[in-house]
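This briefing concerns aromatic ring pairs and salt bridges. Please consult the sequence and the structure shown here while reading the points that follow.

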Amino acid sequence: MGNIRKYIDKIKPTFSEGGKLSMFRSVFEGFETFLLVPNETSKPKGVHIHDAIDSKRIMIMVVIALMPALLFGMYNVGYQHYLAIGQAAVAGFWSKFWFGFLAVLPKILVTYIVGLGIEFTVAQWKGEEIHEGFLVTGIILPMIVPVDCPLWILAIATAFAVIFAKEIFGGTGMNIVNVALIARAFLFFAYPSKMSGDNVWIRTTDVCGLGEGQVIDGFSGATPLGQIATAPDATAQITDAAGQAISTWDAIAGFIPGSIGETSVIAIALGAILLLCTGIASWKTMLSVFVGGGLTAFLFNIGGIESAAANLPWYEHFIYGGFCFGAVFMATDPVTSARTECGKYIYGFLIGVMAILIRVLNPGYPEGMMLAILLMNVCAPLIDYCVVQSNISKRQKRAIKK
């Protein structure tokens with residue numbers, strides 16, 4: 001690292017004010033802060049609290065927490081492919097993983113190239129620093145889309161989200177809604193045929209000649225929630241691409257069709273443990289999402305509504321779709337979630353409630369988690385305001401009594 005530091009210090013004057021490449025100062029500073037810890041400190045004016053954590057460390061820690069879900073998602077893409085062509089028992093672990101890796105990698109590259117390209121351009125144009133916020137968004141985006149989402153559509157959605165959900169509000173830390181979810185919402189409403197239906201969740205086309213065979217008769221790549229939403233009654237069975245019943249263990253482990261990074265509860269739980277142990281994510285928000293969702297699902301279970309979604313056991317709502325992923329990695333986003341301690345309970349609880357309400361009452365959109373989080377992103381400032389005003393009122397009443 002010492003050699004890197006020396007080289008950076010050597011070329012820094014070229015990019016500083018008055019240097020030959022001063023016009024690219026923001027770009028240089030972006031790479032410098034990404035590679036090394038900045039050697040600048042706060043000015044000796046007023047009171048400052050120094051901490052070992054900064055935005056770069058937070059973002060990198062979240063990326064590390066996402067790795068288990070991403071890596072398993074790559075394997076599951078290959079597994080679902082070989083299952084659909086009837087060769088799941090024959091193909092080895094690395095064949096499945098490599099197939100999925102080659103399917104997912106282009107999506108990661110597209111989101112980072114487009115998103116960082118826009119952020120670098122805007123920072124250079126405004127003469128501001130480049131922030132590390134897109135490090136997380138750029139890897140979450142490929143994880144919450146179907147594996148067969150076209151790259152050009154993903155590029156458009158990334159550009160739309162970065163410009164209209166982030167930069168227009170002032171950049172990292174200023175956005176009022178989750179950037180990755182805005183991209184997914186854009187995809188869902190602008191290109192619904194690429195975000196729904198049976199065939200978008202499993203890649204049946206070959207990648208670099210790794211898979212062989214034809215898709216079996218009766219192939220269906222619909223997600224479990226998609227099957228539940230269209231089920232004629234509450235007794236309908238959820239099946240995989242081979243027509244076999246999906247067990248609870250399959251859903252927990254993640255061997256089901258779905259968005260790339262949202263299927264494995266175990267992989268998501270590993271990321272949740274890291275975020276909670278490092279204090280990056282709020283356990284209050286995370287727990288409240290599950291409490292709100294579980295309670296609402298339980299009320300539907302005993303409500304007597306004749307539909308598959310309403311009668312799905314309350315705990316199974318957690319293992320299907322993006323409920324766990326949203327609760328761990330999106331509801332806890334410190335920028336767009338509630339910030340007061342009491343507000344975090346309310347915010348998370350309402351996300352869980354809204355997600356289940358949408359799932360059960362709107363068969364046309366069986367997921368629910370995306371819209372629930374986006375709705376509560378907008379309501380988060382109001383929740384914090386009400387909590388603060390309530391505390392002020394209580395203190396005023398205590399002061400009067402004294």
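**Aromatic pairs and salt bridges**

Phe-101 has a relative accessibility of 22% and therefore counts as partly exposed; buried means under 20% relative accessible area, exposed over 50%, and partly exposed in between, with a 1.4 Å probe and protein chains only. The model is predicted, so local features need pLDDT of at least 70 and side-chain atom pairs count only at pLDDT 80 or more, while totals for chains, interfaces and linings use all residues. Residues are numbered from 1 along each chain as its sequence is written, and side-chain values use heavy atoms, with hydrogens and water left out.

**Aromatic pairs**

- A search of the whole structure finds 25 aromatic pairs. Rings of Phe, Tyr and Trp (its six-membered ring) pair if their centres lie within 6.5 Å; planes under 30 degrees apart count as stacked, over 60 as edge-to-face and the rest as tilted.
- Trp-98 and Phe-101 make a stacked pair, with 5.2 Å from centre to centre and 15° between the planes.
- Both Trp-98 and Phe-101 belong to helix H4 (residues 93-126), where they are three residues apart, about one turn of the helix. Helices (H or I, at least four residues) are DSSP runs, numbered from the N terminus.
- Trp-98 is partly exposed, at a relative accessible area of 43%.
- Trp-314 and Tyr-315 have ring centres 5.7 Å apart and planes at 85°, so this pair is edge-to-face. Trp-314 is partly exposed at 37%, and Tyr-315 is partly exposed at 41%.
- Ring pairs also link a cluster whose members include Phe-72, Tyr-75, Trp-98, Phe-101 and Phe-255.

**Salt bridges**

- There are four salt bridges in the structure, each being a side-chain nitrogen of Lys or Arg within 4 Å of a carboxyl oxygen of Asp or Glu.
- Lys-166 pairs with Glu-119, their closest N and O atoms being 2.3 Å apart. Lys-166 and Glu-119 are buried.
- Glu-341 and Lys-344 form a salt bridge at 3.3 Å, N to O. Glu-341 and Lys-344 are three residues apart in helix H15 (residues 341-361), about one helical turn. Glu-341 is partly exposed at 40%, whereas Lys-344 counts as buried at 15%.
- Arg-359 and Glu-367 form a salt bridge, with the closest N and O atoms 3.3 Å apart. Glu-367 is buried at 12% relative accessibility, and Arg-359 is buried at 3%.

Note on methods
Helix = DSSP H or I, 4+ residues; strand = E, 2+ residues; numbered from the N terminus.
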